[in-house]
Amino acid sequence: MRVIVEFSEGKVKPVRFWRGMREYEVKNVPMIFERQDGGRRYMCFAVDTGGIMAELVMDKESLDWRMGKCEPYYT
Amino acid sequence: MRTILHLDMNSYFATAEQQANPYLRGKPVGIIKAEGRGCVIAASVEAKKFGVKTGVTVWDAKKLCPQIVLVPSDMDKYFALTQRMIKILADYSPTLEVFSIDECFVDVTETQKLWPGGAWQMALELKEKIRQGLGEWMKCSIGISFSKLLAKLASEIKKPDGLTFLTPENYLVATENVVVSEVCGIGRARTTILQSMGVTTLGEARRLSGLPREIGDLVWLRVDEPLAAVESLQAAKSVSRTFTTFRVLSTKCEVLRLVRNLTEEACAKLREMNMAGRTFCLSMDNFWTRVTVKIPSDDPLIIYDLLNKEYEKRSVAGIRQAGVWISNLGFKIQDSIFNKRSDLLRAVDEVNRKHGLFTMYPGVLLGSELIRPEVTGFLGDKYYRLLTKRF
């Protein structure tokens with residue numbers, strides 16, 4: 001998965017990502033937290049793209065990105 | 001006189017989900033354990049207005065509030081927020097007690113002197129820090145008083161986003177109309193006793209004479225316990241794992257697989273805590289057994305064999321609930337040098353710790369639904385979680 005991130009003040013923040021052929025712009029990151037699976041630690045970003053809410057997951061070791069959850073808005 | 005501050009996050013799990021997903025904000029949200037589960041484990045402030053409470057069935061919740069949004073729980077998210085909450089609180093006093101996943105007591109007797117406005121100003125600043133650190137939607141209620149019991153009660157008087165001060169002068173008047181069951185220590189049994197006397201509020205209870213001393217102390221809010229700081233936490237007395245299946249398990253083979261899975265789970269937790277137990281208990285819908293042995297064990301195979309023998313004596317099927325309890329616990333000091341299985345189990349634990357859960361597990365469980373470790377909001381295993389620096 002391709003993600004463009006911004007580094008500032010020692011923090012990383014996703015600003016744009018691609019899912020399939022579609023490009024999404026991150027409008028807001030309401031929550032950042034960490035998950036752990038075995039010895040691996042993942043940084044999770046709950047992102048709001050204005051159309052979907054997604055959870056972008058970054059492997060802290062390999063810096064690989066994947067999509068954790070993806071859900072449309074609840075109406 | 002001590003000054004205790006009690007911080008309680010409002011509708012914690014539901015508010016955390018609303019923080020992560022802004023489109024849930026202002027909507028009634030119910031947290032369920034997992035997709036397809038039948039019970040609401042937490043409700044948002046909006047859902048509570050419709051009468052949806054913790055523990056109601058999904059069926060009832062939908063009847064009370066048809067527009068309720070049900071979200072599966074995500075404990076990693078809540079624990080991450082709790083860690084942040086503890087970190088913020090630790091800046092205000094070195095003496096704090098993590099009471100549960102969303103509640104903390106802080107002894108601010110000395111540190112409040114650093115704020116010109118004392119504990120009140122400190123609490124206002126703390127609320128702001130929580131909002132900045134956890135998210136703008138995260139709200140907490142704070143109670144300040146001279147004992148733990150009163151501080152907890154004070155935080156419950158005004159919800160959500162409240163701040164209440166109970167002083168030695170005003171606490172009796174301010175708590176006159178508090179329902180007896182809201183006092184920490186007055187549970188279901190004591191509430192029933194008081195209700196049978198025609199009492200529902202603290203004010204009414206105080207007018208009674210001849211109450212048992214333990215209840216009287218709670219009614220007059222005279223109980224004053226010290227803070228259970230991390231160093232004084234007690235080690236776990238038992239470890240258990242229970243599970244409710246999605247469908248009825250109709251064969252003996254299915255039942256035993258579930259028991260094995262639960263035993264594996266409980267033992268993995270024991271080994272992580274470096275403990276072993278002597279009493280093993282198996283409970284199912286219509287079955288209960290307990291075995292006590294001389295030598296403590298944390299080996300799932302030994303424990304499962306013991307429970308299996310008991311089960312075979314009067315096997316049952318057609319169950320939906322099962323639980324394995326291990327008690328009579330003690331810290332593992334030394335293993336027998338001839339026991340090579342403990343090395344094997346340690347190696348399996350190490351593989352799973354490094355490469356993730358269920359990388360290695362017993363072949364007998366192949367093909368069955370694997371039950372993930374249980375995490376709840378109560379933190380009954382505080383000793384292990386806090387002392388081993390998991391927070």
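Student: What is the order of the strands in the open sheet of 5 strands in chain B?

Tutor: Keep in mind that this is a predicted model. Now the general idea: strands of a sheet pair through backbone hydrogen bonds, either parallel or antiparallel. In chain B, the order across the open sheet is S5-S6-S1-S7-S8, and the pairing is mixed.

Student: Which strands of chain B are the edge strands there?

Tutor: Look for strands that pair on one side only: in chain B these are S5 (96-100) and S8 (163-165). While you're looking across the sheet, check its twist, which averages 15 degrees from one strand to the next.

Student: In what sense do S7 and S8 of chain B pair, and over how many bridges?

Tutor: S7(B), residues 140-145, and S8(B) pair in the parallel sense, over 3 bridges. To see one pair of partners, find Gly143(B); its bridge partner in S8(B) is Thr164(B).

Student: Which helices of chain B pack on that sheet?

Tutor: Let's take H4(B) to begin with, residues 75-90. It packs on the sheet and touches S1 (4-9), S5 and S6 (103-107) of chain B. The direction of H4(B) makes about 10 degrees with that of S6(B). Then there's H5(B), residues 118-134, which touches S1, S7 and S8 of chain B. The direction of H5(B) makes about 160 degrees with that of S7(B).

Student: How do the axes of H4(B) and H5(B) cross?

Tutor: Here's the general idea: two packed helices are described by the angle between their axes and the distance between the axes. For H4(B) and H5(B), the axes come within 10 Å and cross at roughly 145 degrees. That crossing is right-handed.

Student: Which residues make the contact?

Tutor: From H4(B) you have Leu81(B), Arg84(B), Met85(B) and Ile88(B), and from H5(B) you have Lys129(B), Ile130(B), Gly133(B) and Leu134(B). Sort them by class and you get 5 nonpolar, 1 polar and 2 charged.

Student: On strand S4 of chain B, which side chains are buried?

Tutor: S4(B) covers residues 69-72, and its side chains alternate.

Student: Over in chain A, what is the order of the strands in its open sheet, and what is the pairing?

Tutor: That open sheet has 3 strands in the order S1-S2-S3, with antiparallel pairing. S1(A), residues 3-8, and S3(A), residues 22-25, each have a single partner strand, so one side of each is left without a neighbour in the sheet. Neighbouring strands are turned by 20 degrees against each other on average, if you ignore direction.

Student: How many bridges join S1(A) to S2(A)?

Tutor: There are 6 bridges between S1(A) and S2(A), and Val5(A) stands opposite Pro14(A) in S2(A). These two strands form a hairpin with 2 residues between them, and Glu9(A) in the turn has a positive phi of about 50 degrees. Next, S2(A), residues 11-19, pairs with S3(A) over 4 bridges. Phe17(A) stands opposite Tyr24(A) in S3(A). This hairpin also has 2 residues between its strands, with Gly20(A) in the turn at a positive phi of about 65 degrees.

Student: How many residues are in contact between chain B and chain A?

Tutor: 18 residues of chain B are in contact with 15 residues of chain A. On the chain B side, H1 (12-20), H4 and H13 (341-355) each supply at least two residues. H13(B) gives the most, with 4 residues. By class, the chain B side has 7 nonpolar, 6 polar and 5 charged residues.

Student: Which domains does the assignment give for chain B?

Tutor: It gives domain 1 (1-174) and domain 2 (234-387). Their centres, taken over C-alpha atoms, are separated by 33 Å.

Terms used: Residues numbered from 1 in each chain as written. Chains lettered and ligands numbered in written order. Predicted model: local features only at pLDDT ≥ 70, side-chain atom pairs only at ≥ 80, totals over all residues. Pairing = 2+ DSSP bridges. Axes fitted to C-alpha atoms, helices over the stretch in contact; angles between N-to-C directions. Contact = placed C-beta atoms within 7 Å. Nonpolar A, V, L, I, M, F, W, Y, C, P; charged D, E, K, R; others polar. Domains from an automatic or database assignment. Left-handed = near helix turned anticlockwise from the far one by under 90°. Buried ≥ 20, exposed ≤ 12 C-beta atoms within 10 Å, placed from the backbone.
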